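Please examine the structure shown below. The paragraphs that follow concern its aromatic rings and their surroundings.

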Amino acid sequence: MKLEFNNHHHPEDQETDSDSEMCRTIEVVAGSGGFQLSPAKRTPEDDVCADDLFIPPLNFSLVDNGIFRSGFPESANFSFIQTLGLRSIICLCPEPYPEANMDFLKSNGIKIFQFGIDGYKEPFVNIPDDTIREALKVVLDVRNHPVLIHCKRGKHRTGCLVGCLRKLQRWCLTSVFDEYQRFAAAKARVADQRFMEMFDVSSMKHLPITFSCSKK
């Protein structure tokens with residue numbers, strides 16, 4: 001059995017004609033003793049609004065002043081990324097950058113630094129220490145800010161780079177691991193956390209850190 005209900009408005013609230021009124025259908029499921037509310041009917045105006053939305057990449061977040069992190073940006077994220085005013089992007093994936101992404105970077109004057117790290121799964125995780133160090137130098141150079149760091153899903157490779165940055169910022173390991181696990185969730189890897197723990201920042205302490213450096 002189906003019952004249809006129209007969302008009627010008070011006369012003073014009506015700004016559109018009757019064609020734009022929402023109609024929802026309640027379906028009573030026989031024998032279940034319950035009912036289901038169907039989704040609202042979409043209108044052309046809804047589609048226009050959806051096109052205007054800014055959609056951040058997967059796992060997008062602010063790392064520090066002028067530094068962001070995320071998963072791999074897709075074309076649906078380009079409008080949002082434009083609002084960041086990026087100067088550069090650090091990609092930690094080894095695959096060739098998609099043509100659509102390269103076109104977007106060129107049209108917006110964004111420089112790309114690619115440090116290819118293979119996305120292995122445990123127990124075959126191999127995070128190259130020297131690659132992380134080179135990527136950190138790019139992150140620390142404020143001439144590259146604002147910068148977006150990303151890998152495929154913004155969890156493991158990005159998490160390791162950000163974790164090493166946190167060690168330079170004198171975060172305690174508990175806070176470094178908490179942040180890593182917040183993004184990796186059930187996919188957190190012991191090998192990643194061991195790498196961050198063993199990463200030696202002493203040879204990089206001479207590099208200037210002009211953004212936030214608060215202790216955690």
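A residue is called buried if its relative accessible area is under 20%, exposed if it is over 50%, and partly exposed in between (1.4 Å probe, protein chains only). This is a predicted model, in which local features need pLDDT of at least 70, side-chain atom pairs count only at pLDDT 80 or more, and totals for chains, interfaces and linings use all residues. Residues are numbered from 1 along each chain as its sequence is written, and side-chain values use heavy atoms, with hydrogens and water left out.

Rings of Phe, Tyr and Trp (its six-membered ring) pair if their centres lie within 6.5 Å; planes under 30 degrees apart count as stacked, over 60 as edge-to-face and the rest as tilted. Five aromatic pairs are present in the structure. One of them joins Phe60 and Phe68, and it is stacked because the ring centres are 5.6 Å apart and the planes stand at 20°. Phe60 is partly exposed, at 23% relative accessibility, while Phe68 is buried, at 14%.

Phe60 also pairs with Phe80: the centres are 4.9 Å apart and the planes at 85°, so this pair is edge-to-face. Phe60 belongs to the loop between α1 (44-51) and β4 (61-64) and Phe80 to helix α2 (residues 78-82), so the pair ties together parts 20 residues apart in sequence. Helices (H or I, at least four residues) and strands (E, at least two) are DSSP runs, numbered from the N terminus. Phe80 has a relative accessible area of 15% and is therefore buried. Together, Phe60, Phe68 and Phe80 form one aromatic cluster.
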